[in-house]
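Student: I am new to this structure and would like to go through it slowly. Could we take the chains, their helices and their contacts in turn?

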Amino acid sequence: MEYNQSKTGAPPGTLVYRGKETAEKVKITLVEYNEGTYVEKDFYDFEECKKAMTPDRIKWINVNGIHQVELIETIGKHFNIHSLTLEDIVNTNQRSKSEDYDTYLVAIMKMIYYENGIHSEQLSVILMDGMVISFQEIYGGDAFDMIRNRLRLGKGRVRRMGADYLAYALLDAVVDFYFNVLEKIGDKIELMEDEVVAAPSKKTLTQIHHLKREMIFLRKAVWPMRELISNLERSETELIKPSTDIYLRDLHDHAVRVIDTVETFRDLLSGMMDIYLSSVSNRMNETMKVLTIITTLFVPVTFIVGVYGMNFDFMPEIHSTWGYPITWAVIIATMASLLLYFRKKRWI
Amino acid sequence: MEYNQSKTGAPPGTLVYRGKETAEKVKITLVEYNEGTYVEKDFYDFEECKKAMTPDRIKWINVNGIHQVELIETIGKHFNIHSLTLEDIVNTNQRSKSEDYDTYLVAIMKMIYYENGIHSEQLSVILMDGMVISFQEIYGGDAFDMIRNRLRLGKGRVRRMGADYLAYALLDAVVDFYFNVLEKIGDKIELMEDEVVAAPSKKTLTQIHHLKREMIFLRKAVWPMRELISNLERSETELIKPSTDIYLRDLHDHAVRVIDTVETFRDLLSGMMDIYLSSVSNRMNETMKVLTIITTLFVPVTFIVGVYGMNFDFMPEIHSTWGYPITWAVIIATMASLLLYFRKKRWI
Amino acid sequence: MEYNQSKTGAPPGTLVYRGKETAEKVKITLVEYNEGTYVEKDFYDFEECKKAMTPDRIKWINVNGIHQVELIETIGKHFNIHSLTLEDIVNTNQRSKSEDYDTYLVAIMKMIYYENGIHSEQLSVILMDGMVISFQEIYGGDAFDMIRNRLRLGKGRVRRMGADYLAYALLDAVVDFYFNVLEKIGDKIELMEDEVVAAPSKKTLTQIHHLKREMIFLRKAVWPMRELISNLERSETELIKPSTDIYLRDLHDHAVRVIDTVETFRDLLSGMMDIYLSSVSNRMNETMKVLTIITTLFVPVTFIVGVYGMNFDFMPEIHSTWGYPITWAVIIATMASLLLYFRKKRWI
Amino acid sequence: MEYNQSKTGAPPGTLVYRGKETAEKVKITLVEYNEGTYVEKDFYDFEECKKAMTPDRIKWINVNGIHQVELIETIGKHFNIHSLTLEDIVNTNQRSKSEDYDTYLVAIMKMIYYENGIHSEQLSVILMDGMVISFQEIYGGDAFDMIRNRLRLGKGRVRRMGADYLAYALLDAVVDFYFNVLEKIGDKIELMEDEVVAAPSKKTLTQIHHLKREMIFLRKAVWPMRELISNLERSETELIKPSTDIYLRDLHDHAVRVIDTVETFRDLLSGMMDIYLSSVSNRMNETMKVLTIITTLFVPVTFIVGVYGMNFDFMPEIHSTWGYPITWAVIIATMASLLLYFRKKRWI
Amino acid sequence: MEYNQSKTGAPPGTLVYRGKETAEKVKITLVEYNEGTYVEKDFYDFEECKKAMTPDRIKWINVNGIHQVELIETIGKHFNIHSLTLEDIVNTNQRSKSEDYDTYLVAIMKMIYYENGIHSEQLSVILMDGMVISFQEIYGGDAFDMIRNRLRLGKGRVRRMGADYLAYALLDAVVDFYFNVLEKIGDKIELMEDEVVAAPSKKTLTQIHHLKREMIFLRKAVWPMRELISNLERSETELIKPSTDIYLRDLHDHAVRVIDTVETFRDLLSGMMDIYLSSVSNRMNETMKVLTIITTLFVPVTFIVGVYGMNFDFMPEIHSTWGYPITWAVIIATMASLLLYFRKKRWI
């Protein structure tokens, strides 16, 4: 659940970390590059990081871990980041959003990945003039490893273009993670679909319900992501160059596609639920038919044989030689006509 | 229910108190502060309060109790508050809203808290030049205690910034109360979810229904709250300084998060209702199967034994030595083949 | 139903009365007032009414009855009212709406009241310079009696302010009637809610259905009312003074509150329907269990006693002294183990 | 269904008739009028029609039949009508729409009428300077007969006002037809509503389904009609004089009322479906109760009498004089206590 | 499913083909025409194609196959097409969209066709000054064959008008394919509708479910198509001449009609599902009635005959001459009164 009582009553703008507790040290990775150079260094102390910075290069500071609130505060003070932004960065119960603070843009979003269910992690990306600062939680490994690789190898546009393109590349990586999760859920849905038609069981129901819950949470994560991106698109900041706009537009299309897929999955799951319920009804109907056929076949004839089990002194049929065979004939005729009736009703 | 007949026919703008009746005296708390000073006094009479005010300090007058209509009228007259505003303040059947009356802004909202169900209380906050007046119902204790503490201790921005920031802090406290309630409901939903899968009973149904009703009322309270805040954001008043705008934007995000969570809870409850209904269907199916299996196993063989209970004089099988064991053989064969049939149908 | 064939083919703008037929005479009430004076006279003829009018007073002409089409036409001609407006006034199959005809504003609305179900009556209010003309159907008594009382007693703002405030007061009275009806329906829903949980019957279903239908019709009446009011708010006419705008805004809030309540009621009724259906399912399940338990307990043991009712010559158990008691032991053991099975399944 | 394969691959703008095939001749009716004159002539050839036209009169050319594609083409060429317009006129699989082609306005709409189900027919109205051209399919008789009558008799505004008012009158006639159909469906719904509560049968279900389908198609016809009208309202053409605007606004209100009614009917039908389904559930429950009561009453006592039908040599009760009456007492006691149990459960 | 893991981690703008693998050679068709000339040539190499181009003619380059990524890259470089556009062209997991890149417009869309289910293929159309470049997947044959024919034969407007009209004609062909598919699905729905009322079976359910899934995917393809077209309509490019605007408006109407039909089909399918479920309920009810009637008729009389099968020494009725006929009389009377009861309940 995404609210936390401990905050109630705290003055707005107080930095309170709201993620899982951890004791690991926070790693700061400083990447500096331009078209010709690429330098990457790890620090566990911000002061050293500050000293290591060289002017005239595009800088990317990645903070891997947001539980050391004082560190975040130090970084924030150094780069003149508003305290509300810092509060949002460390508060992992955040809705994805982007905001324009004139001197910088901030995008706070949920990255999701799939490991026995959907997990989400908060990523914050701050775009300043010639610099990107990113903050990530410590748990899910390093989401931006691949981008660092691309920078290092000097492949693609990412080295030629500015900090705004780097920020876009980080967001693009996050959206790609959404597609990964959707693919996994899509596979699960396909499997389920075969099962629900072939052999629906109570387990199927639980699984559909489980997937539905995942879709509810996924949807809650995905919609704000689109708003975030279209917010950036519409923003009139000069931090984003016109040449990057076209990439944001593309990213927006991707986010819309994610949403489309989530909605399609929801529709598919609803359809499956319907199928499940009709299957249960159908099978109940089958059970009823078996019961009705058996009862209808045997209850009347049981009455007949009961009649001649009576002990009355005066029962003329009893003493007739033909009594027994005629009774059998009546029994067989009764059952046969009932069977014909069921056949007419298409029950058997 | 939130309408009240007694009003019908009263001229618009008449002050009619519409809350629970109470005889308690209304307490007026005057807080005056600037960066260096903090003064707090309680009054039970507005005339004395008036005399106690010092110029050049930010003032916060909190009226704890709105049932003494004449007091509200006196205060309103002194501060030039429109009679419609006063009417709204004392009418607790109000929809949350904010309005701009040029010389002041008013926000009337529902504060909710959880005590054996959701309760709501009406809070009104008037922001004037250098002054905030707040009105609260007398029941739920003092919602703004914490803010007074923060002011007294001189902590945070609240002392350095103006009356508009104070008004924002009051609204922020209200939204925090929403999160508290959501947390409690979230816990209940989680408990219910385990129950509905494990052992759904009629009680579960009543509880789901109960939660659903609470969500309906919560939703009705939450949506206008968001409108209220975005109304303040868009308002072109000079009472709110640009530096406070950013806090309102943050507050707006919080309200959206509250709404998101309410909608998610609604979806979860709908899903639970579906699960409940399918569980009932499933169990009915189970019952049917037991009935059908037992009936199908014993009704045919009961017919067979009925046959040889008949008293016909002429029944050759009766006198055969093998009659009895063969009958048993037939009975056992019948039952065995029925059991095989059920196994094939995966009923047992 | 709200359409009427008799109109088809008539040229647009033809005055055709479409309410219930009545022979009662139409009463015209002329009210003239300013801050010092109040005159009220009843007429059954418009010519006399015309003569009685005094200049320089605010005028309110209330026409109680709209079935005398020629009278409406005469009044319309005298005050230069467009024929489409007149057509709308006498056509009671109207959707609530307000229109701006430059020289006058017209609001045509449904007033609803509750008497063994929701009834609606059409009210039309025309606001001209210094004058209000209102038309009402003759059935529901006089909806505006209270406002006349307030004018007469000189209470409240209504005497001090202009014709636009009077028109607002009439609309406010109409919205108050909506709240009255909602209160009555709210009480019914609360009663029903207890019943549906305690002892749902077929009657409950019919009542829920009945309330649902009433909500459908109420909703259809309420939404256009809000449009009507916001239409007036946005209208750029000079007939409404800025000082009255604030009252319209308040009225708009009331209309939104009516809609909110209607929607909440709809949600509550849907929830109740769900509860009803699950109750029926639950009770069917109960019935099934009783049937299954009884059948399962007695059908197998009936088979057992059937076996020893057979008349085979050779049945060794029959002649044993222990045959009978052992049979009883088997019967009791069978039933006991079945009871244990049911207990394990939590059926008993 | 409203698509037609034969078009695929044809170049856009090709005139292809898509209605039912017919061999009837197309009748062209020329009506010319001004305040003093009224001339009406029928032609089967457009050349003669052209010769018969007199200047300085308002002209209305009504083409009754659109299957002679060449005729439509000739007319189109003579009046300079865009080929896309002509294509739309003859293609009866059209969505209602209005378009502004500078020199003329065109409205293409579905007229619906009720004859054992809803039927629709395409009407196209072209408004040019001082002239209206209308095209209708040949089947449903002549929809505009009444308007011609009004023109002929010189009644109403229609003779005094221009071609734009005539066009409005044609559209008004179409909307009146919608009300006719709604009235008929409303009657059917009312009948059905009584039936579904009193004696729901499988036929009721089929009828509800049938009405639902009709509402789906009606809705599809009605919504574009509203768009069409508001399109005309917003259009900045000079072909529509300001004095006619007010009539279009009225027409728009009518269209909204049609939509409101359609939506209300949909709600009513959904409610009816719910009622039907709960009735079926309720009746199944009733059936179950009868079954359970009978079975529960007789199965246990049948076991009892079965016990004393056994043929054991040693059964002391058999030989007691009280055996038989005591057995009866037990039977009656069993049944009586079961009856009491059912009464407690309120089943009987 | 429409996502693909292999992309994750690739830098944005990398050309990765995402369709089915194929080894077929890509055919490039160059069409050049003006009002007098028409030349059409096939190439398997772009260099040759380049040489063959003649200035001052409208050019249409159709690339049939998009799996040779290098070829697409070469074409893109030659015509100055942005790498993001190229990426979108080869990535078949695209959402339909149109974009304005100043020097060219690009529309990427899904063409659908029906062959044992709905299949979709990606088409991309680039409109430049005096030239159209189209890219299609290789599988579904050649979608644009008919347009080439029309160009060749010099029929219709297509030869007289510019490249923008050609691009429109291509889009129009795509929308026509949508109508084809809708027609086929419409036929299937009609067939199903008869079946679901006459003889619903489990197969019917599977088919409804199948159609519903197809509608979900169709809907996902159709909505972006409308956005694409209205995007083009609103675009302020000079590549589209005003004379073509009217055709785009028409195309937009077609797309809306497709959406309307898809939504109607969805409603019809939902209605069918309801009918199916009520049919199942109804038939279960029928089965229950048969069971109840038979059980209720025979279980009580079986008890009666059981009574006189008891072996008590002292049973006076047994020895009476009238015992047996009276028993029969009681049995017949019981059954007759039960039959009357069922008739009253309208069960038989």
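**Domains, helices and copies**

Tutor: Chain A is divided into domain 1 (5–278) and domain 2 (288–344), with bounds that come from an automatic or database domain assignment. The model is a predicted one, in which local features need pLDDT of at least 70 and side-chain atom pairs count only at pLDDT 80 or more, while totals for chains, interfaces and linings use all residues. Residues are numbered from 1 along each chain as its sequence is written, and chains are lettered from A and ligands numbered from 1 in the order in which they are written.

Student: How are α5(B) and α6(B) directed relative to each other, roughly parallel or roughly antiparallel?

Tutor: Helices here are DSSP runs (H or I, at least four residues; strands are E, at least two), numbered from the N terminus. Helix α5 (residues 163–198) of chain B packs on helix α6 (residues 202–234) of chain B at an angle of about 155°, with axes 11 Å apart; axes are lines fitted to C-alpha atoms, for helices over the stretch in contact, and angles run from 0 to 180 degrees between N-to-C directions. Angles under 35 degrees count as roughly parallel, over 145 as roughly antiparallel, 65 to 115 as roughly perpendicular and the rest as oblique. The angle therefore makes α5(B) and α6(B) roughly antiparallel.

Student: Which residues in α6(B) are met by residues in α5(B)?

Tutor: Two residues are in contact if their C-beta atoms, placed from the backbone, lie within 7 Å. The residues of this contact divide into eight nonpolar, two polar and three charged, where Ala, Val, Leu, Ile, Met, Phe, Trp, Tyr, Cys and Pro count as nonpolar, Asp, Glu, Lys and Arg as charged, and the others, Gly among them, as polar. From α5(B) come Tyr178(B), Ile185(B), Lys188(B), Ile189(B), Met192(B), Glu195(B) and Val196(B), and in α6(B) they meet Thr204(B), Gln207(B), Ile208(B), Leu211(B), Glu214(B) and Val222(B).

Student: In which hand does α6(B) pass α7(B), left-handed or right-handed?

Tutor: α6(B) and helix α7 (residues 242–307) of chain B pack at an angle of about 160°, their axes being 9 Å apart, and the two helices are therefore roughly antiparallel to each other. Their contact has 22 nonpolar, three polar and six charged residues. A crossing is left-handed if the near helix is turned anticlockwise from the far one by less than a right angle, and right-handed if clockwise. The crossing of α6(B) with α7(B) is left-handed.

Student: How many nonpolar, polar and charged residues has the contact of α7(D) with α7(E)?

Tutor: Helix α7 (residues 242–307) of chain D and helix α7 (residues 242–307) of chain E pack at an angle of about 20°, with their axes 8 Å apart, which means that α7(D) is roughly parallel to α7(E). α7(D) passes α7(E) in a left-handed crossing. By class, their contact has 19 nonpolar, 13 polar and three charged residues.

Student: Which residue of chain A has the C-alpha nearest the axis?

Tutor: Chain A is superposed on chain B by a rotation of 72° with 0.0 Å of shift along its axis (RMSD 0.1 Å), using least squares on the C-alpha atoms of residues with pLDDT of at least 70 in both. The two copies are thus related as by a five-fold rotation axis. At 4.6 Å from that axis, the nearest C-alpha of chain A belongs to Gly309(A).

Student: Which element supplies the largest share of the side of chain A that touches chain B?

Tutor: The contact takes 47 residues from chain A and 53 residues from chain B. On the side of chain A, α6 (202–234), α7 (242–307), α8 (316–319) and α9 (323–344) each supply at least two residues, and the residues of that side divide into 22 nonpolar, 16 polar and nine charged. The largest share, 17 residues, comes from α7(A).
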